[in-house]
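Please look over the sequence and the fold before reading on.

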Amino acid sequence: MPIQTADATRVHLRPVTFAHPDAVALNDRVQREYVERYGDDGDVTFLEPAMFAPPRGLYLIAYDENGTPLATGGWRGMDENGEGYENGDAELKRMYVTPEARGLGLARRILAALETDAKAAGRVRMVLETGTKQPEAIALYTSSGYTPAPAKFGYYRFHDLSRCYAKAL
């Protein structure tokens, strides 16, 4: 059943670990969506719960008033390495809104909260990688001030469908 717009005002963001059962379930859902969109094995970027632990990261879930998880996203600190990151980067990962909660502004709320937290943690640039088969993600990021990164980074940096974006914090 679609969520009513009025319920969006009662949605709250809660920090959780990347290993939390709700985080795992939402990650499974986004992985299935990647498989459907790209026809591959999903995002195989190596992630572990410790990468999202404060102060070097944060993982959030948006819950409705009934405790139903609706959306998720996190950031992890990254510094210069062989994959194209720069010192002070915060990488956005696993942004996802369940189909029944799309259009309520939850992704934008999570994105803003993650940017604020990463900046408070001393990170200077938020970076993200998405793909051409996720036009709604690209629209969210570009409308939130993200621009194409000067150089691609991360696991998919050599893939044609990959798009990398960055924003100064």
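Q: Which residues does Q134 touch, not counting residues up to four places away in sequence?
A: The model is a predicted one. In it, Q134 lies in the loop between β5 and α3. Leaving out residues up to four places away in sequence, the residues that Q134 touches are Y34, R37 and Y38.

Q: Does Q134 count as buried or exposed?
A: A residue is buried when its relative accessible area is under 20%. Q134 has 14% relative accessibility, so it counts as buried.

Q: What pattern does the chain follow when read along the sequence?
A: The chain has three helices and seven strands. Read along the sequence, these elements give the pattern β-α-β-β-β-α-β-α-β-β.

Q: What is the radius of gyration of the chain, and why does it agree with a compact globule?
A: The C-alpha atoms fill a box of roughly 45 × 35 × 30 Å along the principal axes. For 169 residues, a compact globule would have a radius of gyration near 15 Å. The chain agrees with this because its own value is 15 Å.

Q: What percentage of contacts between residues at least 6 apart in sequence join residues at least 24 apart?
A: Contact here means heavy atoms within 4.5 Å. Among contacts in the chain between residues at least 6 apart in sequence, the part that joins residues at least 24 apart is 66%.

Q: Which element gives the most residues to the largest nonpolar core?
A: This core has 26 residues, and those with the most contacts inside it are L92, M95, L106, L114, M126 and Y141. Two or more residues come from each of β2 (57–63), β3 (69–78), β4 (89–97), α2 (106–120), β5 (125–131) and α3 (135–143). With five residues, the element that gives the most is α2.

Q: Where is L47 found, and what is the distance between the C-alpha atoms of L47 and R76?
A: L47 is found in the loop between α1 (21–38) and β2. Leaving aside neighbours within four places in sequence, L47 is in contact with F18, F52, R76, K93 and R94. L47 and R76 are 29 residues apart along the chain, and their C-alpha atoms are separated by 9.5 Å.

Q: What is the relative accessible area of F52?
A: F52 lies in the loop between α1 and β2. Not counting residues up to four places away in sequence, F52 touches F18, L47, G57, L58, Y59, G74, W75, R76 and K93. F52 is buried, with a relative accessible area of 3%.

Q: How far apart in space are F52 and K152, C-alpha to C-alpha?
A: Along the sequence, F52 and K152 are 100 residues apart. In space, C-alpha to C-alpha, the distance between F52 and K152 is 22 Å.

Q: How far apart do the centres of the positive and negative side chains lie?
A: The chain has 20 positive and 23 negative side chains. The centres of the two sets lie apart by 3 Å.

Key:
Residues are numbered from 1 along each chain as its sequence is written. This is a predicted model: local features need pLDDT of at least 70, side-chain atom pairs count only at pLDDT 80 or more; totals for chains, interfaces and linings use all residues. Side-chain values use heavy atoms; hydrogens and water are left out. A nonpolar core is a set of buried Ala, Val, Leu, Ile, Met, Phe, Trp, Tyr and Cys residues joined through side-chain atoms within 4.5 Å. Buried means under 20% relative accessible area, exposed over 50%, partly exposed in between (1.4 Å probe, protein chains only). Helices (H or I, at least four residues) and strands (E, at least two) are DSSP runs, numbered from the N terminus. The radius of gyration is taken over C-alpha atoms; the globule rule is 2.2 Å times the number of residues to the power 0.38. Lys and Arg count as positive and Asp and Glu as negative; His and the chain ends are not counted. The place of a charge is taken as NZ of Lys, CZ of Arg, CG of Asp or CD of Glu.
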